[in-house]
Amino acid sequence: FPTRRSSDLLVAEHNAPAEHALANPDGVDWWALINLQCARFVESVWTIRHHHGLIFHTPLPDWPTESSRPGVVVLAEVLAAGAAAGAFRAVDPQSAATLLFGAMHAAADAVLDGGGRDQWINDWIELARSYLAVPSRQ
């Protein structure tokens with residue numbers, strides 16, 4: 001039976017590549033990293049699909065508020081580091097991460113509802129690219 005503890009383990013596994021990149025930022029391909037974050041999230045939700053609703057869509061007394069969800073926090077750190085490296089345009093990392101994580105979660109939910117995994121991941125990547133792309137200088 002999944003518990004809050006099992007969701008912590010899922011989050012830790014999902015965030016491992018981002019945590020590594022944040023600790024060792026030299027040479028990181030920030031676009032590849034956020035693409036991987038989305039694919040890993042969708043895959044992790046698919047893996048626990050039978051318990052997903054209970055873990056992520058049931059209000060539990062000790063569940064963190066939206067602003068302190070670990071996926072959002074780590075994604076905000078990645079967006080800030082990627083912007084500092086010049087890979088992404090400057091955005092408010094917290095609000096951008098909240099919006100992009102919400103879209104990532106919606107993509108995972110759509111896959112659970114029968115949507116095509118690759119299509120939803122690619123659509124999320126396109127959304128992120130259009131939102132985070134550094135404007136070209138003309």
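The structure is a predicted model, in which local features need pLDDT of at least 70 and side-chain atom pairs count only at pLDDT 80 or more, while totals for chains, interfaces and linings use all residues. Residues are numbered from 1 along each chain as its sequence is written, and side-chain values use heavy atoms, with hydrogens and water left out.

The chain contains 6 helices and 0 strands, where helices (H or I, at least four residues) and strands (E, at least two) are DSSP runs numbered from the N terminus. Read from the N terminus, the order of elements is α-α-α-α-α-α. Of the 138 residues, 36% count as buried; buried means under 20% relative accessible area, exposed over 50%, and partly exposed in between (1.4 Å probe, protein chains only). The accessible surface of the chain is about 7,600 Å², and 57% of this area belongs to carbon and sulfur atoms. Accessible areas come from the Shrake-Rupley method with a 1.4 Å probe, and for residues only the protein chains shown count as cover. Among contacts (heavy atoms within 4.5 Å) with a separation of 6 or more, 72% come from residues 24 or more positions apart.

Helix α2 (residues 30–47) packs against helix α5 (residues 93–112) at an angle of about 40 degrees, and their axes are 9 Å apart. Axes here are lines fitted to C-alpha atoms, for helices over the stretch in contact, and angles run from 0 to 180 degrees between N-to-C directions. The helices α2 and α5 are therefore oblique to each other; angles under 35 degrees count as roughly parallel, over 145 as roughly antiparallel, 65 to 115 as roughly perpendicular, and the rest as oblique. The crossing of α2 past α5 is right-handed. A crossing is called left-handed if the near helix is turned anticlockwise from the far one by less than a right angle, and right-handed if clockwise. On the α2 side the contact involves Gln 37, Cys 38, Phe 41, Val 42, Val 45 and Trp 46, and on the α5 side Phe 101, Met 104, His 105, Ala 108, Val 111 and Leu 112. By class, the residues of this contact comprise 10 nonpolar, 2 polar and no charged. In this division Ala, Val, Leu, Ile, Met, Phe, Trp, Tyr, Cys and Pro count as nonpolar, Asp, Glu, Lys and Arg as charged, and the others, Gly among them, as polar.

Helix α2 also meets helix α4 (residues 70–84), the two axes coming within 10 Å and crossing at roughly 165 degrees. This angle makes α2 roughly antiparallel to α4, and the crossing is left-handed. Trp 30, Leu 33 and Ile 34 of α2 are in contact with Leu 75, Val 78, Leu 79, Ala 81 and Gly 82 of α4. The residues of the contact of α2 with α4 include 7 nonpolar and 1 polar, with no charged.

A further partner of α2 is helix α6 (residues 117–132), whose axis comes within 10 Å of that of α2, with a crossing angle of roughly 145 degrees. The crossing of α2 and α6 is right-handed. From α2, Trp 31, Ile 34, Asn 35, Cys 38, Ala 39, Val 42 and Glu 43 take part, meeting Arg 117, Ile 121, Trp 124, Ile 125, Ala 128, Arg 129 and Leu 132 of α6. The contact of α2 with α6 has 10 nonpolar, 1 polar and 3 charged residues.

Within α2, Trp 31 counts as buried at 15% relative accessibility. Beyond its neighbours within four places in sequence, Trp 31 is in contact with Ala 87, Phe 88, Ala 128, Arg 129, Leu 132 and Ala 133. Of these, Leu 132 is 101 residues away along the chain, with a C-alpha separation of 9.6 Å from Trp 31. Ala 133 lies in the segment after α6 and is partly exposed at 34% relative accessibility. Not counting residues up to four places away in sequence, Ala 133 touches Trp 31, Arg 89 and Ala 128.

Leu 22 is in helix α1 (residues 4–23) and is partly exposed, with a relative accessible area of 24%. Its C-alpha atom is 6.9 Å from that of Val 78, 56 residues apart along the chain. Trp 120, in α6, is partly exposed at 35% relative accessibility.
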